[in-house]
Amino acid sequence: MTVVLIFLAVVLSTSIWWLSHQRLGAKPWLENGLDSLDHGSHRVSLPKAKVGLLVILAVVGMLFTLLFSSHFMRQEIEDWRSIPLPNMIWVNGILLLAASFYLQFALVAARREALQVKMLEIGAPKPVNIRHNEKNNNSVRYLLTNACVLTVAFLIGQLITWLELAGKGFFLSGNPSSSFFYVLTGLHGLHIIGGLAVLFHTTALSRSNIQLHKIVNKIDLCALYWHFLFFIWCAMIFVMLGWTYDPFIELCKRVIS
Amino acid sequence: MVETKNTSPPSVPPAEVDEVELYHAKSFWTKYVFSQDAKVIAIQYSGVAIAIGLVALVLSSLIRLQLGFPEMFDFITPETYYQFVTMHGMIMVVYLLTALFLGGFGNYLIPLMIGARDMSFPYVNMLSFWIYFLAVLVLVGSFFVPGGPTGAGWTLYPPQAILSGTPGGKGLGIILMLVSLALFIVGFTMGGLNYVVTVLQGRTRGMTMMRLPLTVWGIFTATVLALLAFPALLVATVMMLFDRLLETSFFMPSLVEFGDQLSYGGGSPILFQHLFWFFGHPEVYIVALPAFGIVSDLISTHARKNIFGYRMMVWAIVGIGALSFIVWAHHMYVSGMHPYFGFFFATTTLIIAVPTALKVYNWILTLWNGNIHLNTPMLFSLGFIVTFLNGGLTGLFLGNVIVDIPLSDTMFVVAHFHMVMGVAPILVVFGAIYHWYPKISGRMLDERLGKIHFWVTFVGSYLIFFPMHYIGLVGVPRRYPELGDAAFIPDSVATLNSFISLAAFIVGIAQILFLYNLFWSLRKGRPSGPNPWRATTLEWQTPHTPPAHGNFGPELPLVYRWPYDYSVPGASEDFLAQNDPGPLDSESST
């Protein structure tokens, strides 16, 4: 459960760090009036959808960390034989990373657009280095579409790894290592599919007549979610390859005991 | 931006409050069934939770029938007994208490108490309820499948949970149980997301974290715990479903069943225990923290005195929440863990008693010299303090490895956890319902019926669970449908068991009084007016009672003070509401 506790420590210390900025030492019974306590303790300065997403990421992170912990604990039992991971996973990794990058680029482009709209609103002169509006719109659409395609390709790639493993005789049951492989990648895939629903919607919006600066927040959420799922995917491969196990964990164990 | 006008102190600029696009329901269906209004969802949650809780109450009576009068009832076999025990535990802990405190009270009180129009994501909130409802339906469905529901005990320990020796183990019972839990967790996560984000982002102007009523602090912290703890149960359920359906070996060791070697091998039942209790222990505080918060507000309001040590109360809630994640293995002292681990978990368990005791002291000091109104909510609150203290003291016994080992799996444990997380939170639930019912319905509950309900429930619970401690100390094991002729069990245990059963039936039947009161008062109760308890928090200051859609009329309230300004010197009444700028000549506004 060490991994879980480390993750939990990160989440809890972030929460407590935030709380410590809420003037927990205030004496509310002495401070009346509207503003006396208001300084420095405003709401989190993020859109609520983003706060919501961060909460979801903490929960999803917890879910995967618990599975990683289970993986480590199950690994210590004698019948454990690690399965050879198919090479296809590296291709999949690159696909997901690329999707993540495309989303980040789309976010940058959409933010630029949003900034431009804001500047027009306040009547500021148009900076030279900002690209033409229409072109920018097109590039966001293009980038978002590419991210969709790459993510679907990633899912297909994951299916191919499953088929490849099954072809080699590693099924869900029979070998605990392959059981974990299917469960972890399956759960990760489900999360990707959930995210894809939102990404498809956002992409469709970007291809409609909507002004881009209105969907910046949506793109922001997608990008954050994709980065996070890529990070989880890396951690997953790391755990399943057992890199963390032999030298490092042994060392930690020796230090602890 | 919605601009909130304010008239009183001229120095204050208009508050900027996030724009709320309220969803306005058009038809009966979207208004009362698939409603996105947190208040309607709260009532839906509470209704379903109480309904399924009544099923669990009936199950407990059946358990007591068997324990009090063994071999008298043919329809209770050892198998059905296990099914009753399992479903009683699971329903009470997860489907009643968690759903009622967070889904019911959380949904109703959070937006009203923090001055918001609704939850942050009303649509997700609606989905949360319907998924919970589906989870309950699946759970109820498991009573009607061949083989009946699972009888694995509420902890569902493998390997027995999915073997044929356990009722429902090879049938659909255990599968439906696991599916229902998974659904519950998904639904809860959607709701929990709402509660957290609404508290963080939805507070009205002036409502700082340190001005939140303790009820909101309790529900908020409990939700954070639940969001981080329920994934452990989800992982455990999913992996067990795979073990059961697809013969993986996450939890299942190699074993022989009725002479047949099963295909399992190498799995670790201890792994399940770790996952289960990593959820299970925070779960105790998921139920307890909202109760702590609610009881603080009830005591303060009905003793007309500010809460003693508000800051300490907040710190204690947060501290208990953080600590509750590192005590889980005290449920596993007999699982063969390393003695040093036992020592570690015993230490953390005893440390968590410190903030908890601090809260008890603060409640008592709040009551000290207060103008105590002994009405029903106050009686239930006092009952809670005593009961929680009792349960907490036996917890000190069980938290110590060396005392726990002989007491493990005896009726002493059953008595302990029923006191601490059965009776105590339920007393708060009742107190809270008597307290907030006037706001929800506009009418008072009948006070005399309420007092009878309180005394029968309170005294009755002690008649049930106090003797149970002694039965446990004699060594009577839990989970045994019949005791037989064991040499170490004196005859008096059987007498005591019959007595406990009689007390249980009386307490069970007394709940009809409560239900009758709920329905009777809905039509015939005395009209309550907007603020019958003369309470300070925002939910009592709404323009409509019951609060209308959008809660606060055209303008959101501005918050000028903390929620416990009772008996303020110089004020015209004995309380100042949170949105009351106070006497104009006071030096209060900065």
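How many residues of chain A are in contact with chain B, and how many of chain B with chain A? The count is 43 residues of chain A and 52 residues of chain B. Two residues are in contact if their C-beta atoms, placed from the backbone, lie within 7 Å.

This is a predicted model, in which local features need pLDDT of at least 70 and side-chain atom pairs count only at pLDDT 80 or more, while totals for chains, interfaces and linings use all residues. Residues are numbered from 1 along each chain as its sequence is written, and chains are lettered from A in the order in which they are written.

**Chain A**

Chain A has seven helices and zero strands. Helices (H or I, at least four residues) and strands (E, at least two) are DSSP runs, numbered from the N terminus. Of the 257 residues in chain A, 36% are buried; that takes 20 or more other C-beta atoms within 10 Å of a residue's own. Among contacts in chain A with a separation of 6 or more, 83% join residues 24 or more positions apart.

Helix α6 of chain A covers residues 216-241. Its end C-alpha atoms are 37 Å apart, which agrees with the 38 Å that its 26 residues should span at 1.5 Å a residue. The expected span is 1.5 Å times one less than the number of residues. Gly242(A) follows α6(A), with a positive phi near 80°.

**The side facing chain B**

α1 (2-20), α2 (48-75) and α5 (176-207) of chain A each supply at least two residues of the side that touches chain B. The largest share, 13 residues, comes from α2(A). By class, this side of chain A has 26 nonpolar, 10 polar and seven charged residues. Ala, Val, Leu, Ile, Met, Phe, Trp, Tyr, Cys and Pro count as nonpolar, Asp, Glu, Lys and Arg as charged, and the others, Gly among them, as polar.

| Pair | Axis distance | Angle |
|---|---|---|
| α1(A) and α2(A) | within 8 Å | roughly 160° |
| α2(A) and α5(B) | 10 Å | about 130° |

Axes are lines fitted to C-alpha atoms, for helices over the stretch in contact, and angles run from 0 to 180 degrees between N-to-C directions.

In α1(A), Val3(A), Val4(A), Phe7(A) and Val11(A) meet residues of α2(A), including Ala58(A), Met62(A) and Phe72(A). This contact of α1(A) with α2(A) has nine nonpolar, three polar and no charged residues.

How values were computed. Buried ≥ 20, exposed ≤ 12 C-beta atoms within 10 Å, placed from the backbone.
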